[in-house]
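Q: Please take a close look at a single part of this structure. Then describe the parts around it in a connected way, for a reader who has not seen the structure before.

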Amino acid sequence: MHDIRTIRENPEQFDAALARRGLPGLSSQLLAVDEARRTKINAAETAQAEQNRASKEVGAAKARGDDAEFERLRALVAEKKAEVARLNDEAGAEDARLRAMLAEIPNLPLDEVPEGRDEGDNVEIRRWGNPRNFAFTPKEHFDIGGVKPVLDLATAAKLSGSRFMVLKGALTRVHRALAQFMLDTHTTEHDLTEVWTPVLVRDEAMYGTGNLPKFAEDSYQTTNGWWLIPTSEVTLTNIVAGEIVEESTLPLRMTAHSQCFRSEAGSAGKDTTGILRQHQFEKVEMVTICAPDQALAEHERMTGCAEAILQKLELPYRTVVLCTGDMGFGSQKTHDIEVWLPGQGKYREISSCSTCGTFQARRMNARYRPGGGKPEFVATLNGSGLAVGRTLIAVLENGQQEDGSVDLPKALHPWLGGKTRISPEGVLV
């Protein structure tokens with residue numbers, strides 16, 4: 001959500017920032033509605049003052065026996081009362097219209113974000129690890145011999161349709177171990193507090209993080225009005241909704257492991273084979289609430305936390321800064337971390353870490369008191385630490401052997417009871 005006062009003071013700057021996102025200037029439309037709203041408010045205040053004056057004079061006219069003046073003033077009071085009510089209703093309608101317009105406008109990119117139209121204009125900032133040289137042609141995860149017996153996509157399709165998965169035996173154990181490994185690393189080494197949250201939320205929570213109203217089709221809603229969370233960013237961030245947070249508690253750094261649900265609207269035909277793009281999946285999320293002047297440093301820190309998981313798992317990756325045309329709705333700046341998938345022969349996104357500035361906080365009315373003074377909006381950040389299913393894919397593809405077995409990362413062995421590989425028959429050994 002944007003501050004209309006800032007737009008009022010710097011309309012050209014606002015439009016220039018939108019232009020960097022490939023959007024038309026909107027300040028003139030917003031300010032026209034804002035002016036209509038303010039005009040109605042001023043008119044209502046004037047009418048209220050006239051009503052108050054007339055109300056005071058009614059008694060005096062009655063006391064001096066001036067019946068004609070008494071009746072005129074009483075009629076004027078009734079007229080002004082009706083006028084005030086009408087003008088307040090009209091101002092309220094303009095205010096709702098303005099808020100609805102503002103709610104559909106994405107966050108403004110920071111000046112340092114590279115300009116571009118799509119993912120082809122993203123800028124790589126670093127790489128870690130070297131892709132393995134295979135003595136054979138590496139397969140995609142669903143074609144690896146040891147994976148086939150324990151990845152049952154046919155049963156998933158029978159149960160739920162496309163973009164769902166059924167894992168069995170060894171694959172289930174590795175999937176669970178990955179989530180536990182991520183949580184334990186973040187809580188013991190990265191100073192994040194683990195939180196468990198609901199996966200069903202109200203409209204207000206989805207609105208607060210920017211998932212509503214613009215992206216309703218990307219999520220699932222129950223028949224009684226709850227929304228299934230697309231990620232625990234929604235719940236973790238909204239913990240501070242409507243609150244004034246103590247400055248001494250900042251930054252708040254949280255992590256949660258949850259089921260996530262996405263309709264994948266607009267992704268028809270993309271990644272239809274395997275488990276890369278699912279309607280239901282698991283993710284270990286990271287969320288930070290901090291003072292705005294801490295946000296960029298926290299963004300680098302959060303990105304480092306996600307990268308550390310990949311490094312421990314010995315999975316090659318690259319980190320890119322998203323260009324203005326590829327950023328998410330609520331982001332000021334985003335780092336995508338892309339892991340190497342030898343079966344595809346390319347890097348694919350496994351984490352997205354974003355700083356949102358005060359954009360979400362304004363929608364949630366989440367504030368703190370800097371120096372104990374007047375409340376100001378906090379900054380919010382979110383990032384994957386990591387997407388569990390995609391990490392499973394990367395582990396399988398990078399660890400595959402020619403006989404169909406999979407060597408599992410050493411860092412994961414303690415979470416697997418000392419087991420080190422998946423056999424060609426799909427057994428954890």
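A: Arg 348 counts as buried because its relative accessible area is 16%; buried means under 20% relative accessible area, exposed means over 50%, and partly exposed lies in between, with a 1.4 Å probe and protein chains only. The model is predicted, so local features need pLDDT of at least 70 and side-chain atom pairs count only at pLDDT 80 or more, whereas totals for chains, interfaces and linings use all residues. Residues are numbered from 1 along each chain as its sequence is written, and side-chain values use heavy atoms, with hydrogens and water left out.

Arg 348 belongs to strand E11, which covers residues 346–355. Helices (H or I, at least four residues) and strands (E, at least two) are DSSP runs, numbered from the N terminus. When neighbours within four places in sequence are set aside, Arg 348 is in contact with Asp 271, Leu 276, Arg 277, Ile 337, Glu 338, Val 339 and Leu 341; contact means heavy atoms within 4.5 Å.

Ile 337, Glu 338, Val 339 and Leu 341 are among these contacts, and strand E10 spans residues 333–341. E10 runs antiparallel to E9, to which five bridges join it; two strands pair if DSSP finds at least two bridges between them. In this pairing, Asp 336 of E10 stands opposite Val 320. Strand E9 (residues 317–321) has four buried residues out of five, so the rest of the structure largely encloses it. E9 also pairs with strand E1 (residues 123–128), again in the antiparallel sense and over five bridges. There, Val 320 of E9 stands opposite Glu 124.

Another strand that is mostly covered is E7 (residues 252–261), where seven of ten residues are buried. Ten bridges pair E7 with strand E8 (residues 280–290) in the antiparallel sense, and Val 284 in E8 stands opposite His 257. Strand E2 (residues 193–194) pairs with E7 in the parallel sense over two bridges. Thr 255 in E7 is the bridge partner of Glu 194.

Open sheets of three strands also occur. One has the order E3-E5-E4 with antiparallel pairing. Strands E3 (200–201) and E4 (220–221) are at its edges with a single partner strand each, so one side of each has no neighbour in the sheet. E4 is joined to strand E5 (residues 227–228) by two bridges, and Trp 227 in E5 is the bridge partner of Gln 221. E6 runs parallel to strand E12 (residues 367–368), with two bridges between them; Arg 367 in E12 is the bridge partner of Ile 244.

These parts sit in a protein with eleven helices and 16 strands. Of its 429 residues, 49% count as buried. Among contacts with a separation of 6 or more, 72% come from residues 24 or more positions apart. The C-alpha trace spans about 105 × 45 × 40 Å along its principal axes.
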